[in-house]
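Thanks for making time this morning. I would like to walk you through one model, starting with a detail on its surface and then stepping back to the chain as a whole.

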Amino acid sequence: MRSMIRPASRAMAAARLRTAARSTRNLDELHSTFFGRPSTGAAPVLTRFKSSLPLDQADPSETADAESSHFSTPHLDNNTSDTIKDYTSDASKAGTPSPWAVFDAWGAGEGIVDPLTAAEEELLSNAAVRIPTEEGDRQGLPEESDILSVYDKLLKRKSSVHFGYPYNLMYNHEELYEFMKYSINNLGDPFVTSNYGVHSRQFECSVIDFFAKLWKMEPDSYWGYVTTCGTEGNLHGILLARECHPDGILYSSRETHYSVFKAARYYRMDAKAIPTLPMGEIDYDALASEIAKNRDRPVIINVNIGTTVKGAVDNLDRILRILKTLGIPRERFHIHCDGALFAMMMPFVDFAPEISFNKPIDSIAVSGHKMLGCPMPCGIALSRKEHVKKVEQRIDYLNSVDTTIMGSRNGQAALYLWYSLRKKGVAGIKRDVV
């Protein structure tokens, strides 16, 4: 296929990550970048949480008094209301919408497929593709081969330029077509073989091992599985957080993917949508203020590793410093990372902030069909092994345990992810990123 994530798009995404890494190092440089002049001593001085220092280094400008005034009166510098919306009992749509995928002929060249004719469009109408319930209903219906031929033409046109969604369509899995004749089902836990023999668990476990090593998890300390998409990974990560802290409050930015607030509604969790800074990151002062107001409740934080629209990366180190300054002990907070967009890219971008389990995070979710490329939606959920024990249940008829969101799970997705990772390798992924 010609369609793919354009090199320019990949470069822009990588540049955005590098900018996020550098921006926290020199505020004067950042001020100059956006306003065309360096900050001066005459500008108001605000007490803020720093973001670039490692956790084991003291910050001389950071007050050790968790009750200091900047918790009660945070500086919101993004022109948003200082009222934090509570999504606990609000059933309205939360989070940010995904951008629409629209056709754009820019740069597609001769690869653009002609649009369907009126007669061809009719073959894909609801009336033409309906499934008859009686034999007599077949009269006048087009042949399935004719319908599929037109559908193939439609997909070629829609895929000739793919603008709006960050999907990598530059892949070739012809070697795996032979396996589509098998009903490969990884039902049950990926590490506990069930009594269903047609599975791809060995490939799924290999995929999980790869990402565990990429995100620096110790052997035998992790658990994960291949999901249907990034949303399922978020649903699983937030579920583990709720099980670890049943009375916790979920904090996430207003530009968070809608699936995180959907998880809060599904699990009946108290949730706070925190304002964002102009670049799309969570407002750290507003976050600190909200946590300080609710010290009696455990803290559950969703850290965005690439927001849907702006591609913003929340600064994990800065968030951890907030928790440290507020005196929140490790057993009282839980961090999930929504890395659907950038988590697979971050390890390969120079100067990008480190997102790994060397830091006190608890779970991470990433999409497999975006950066890596796959013909079916898929993703990876990875977490610390001890958290999964809280949701594990033995299912006798499966001869396995139930630990995942879905019961029956697409074994083809695990096979395709394994194939892509083996073919590309670390060097190939890095080449795609940079």
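Let me begin with Leu-148, Tyr-151 and Leu-155, which form a nonpolar patch on the surface and together have about 290 Å² of accessible area. Areas come from the Shrake-Rupley method with a 1.4 Å probe, and for residues only the protein chains shown count as cover.

Leu-155 sits in helix α6, residues 144-160, where helices are DSSP runs of H or I of at least four residues and strands are runs of E of at least two, numbered from the N terminus. Leu-155 counts as partly exposed because its relative accessibility is 38%, the cut-offs being under 20% for buried, over 50% for exposed and partly exposed in between, again with a 1.4 Å probe and protein chains only.

Stepping back, the chain has 14 helices and 10 strands, and buried residues make up 48% of its 434 residues.

This is a predicted model, in which local features need pLDDT of at least 70, side-chain atom pairs count only at pLDDT 80 or more, and totals for chains, interfaces and linings use all residues. Residues are numbered from 1 along each chain as its sequence is written, and side-chain values use heavy atoms, leaving out hydrogens and water.

The mean pLDDT (the predictor's confidence in each residue, from 0 to 100) is 80 for the chain, with 73% of residues at 70 or more.

Key
Patch = residues over 30% accessible without salt bridge, like charges linked within 9 Å, V, L, I, M, F, W, Y side chains within 5 Å. Salt bridge = Lys/Arg side-chain N within 4 Å of Asp/Glu carboxyl O.
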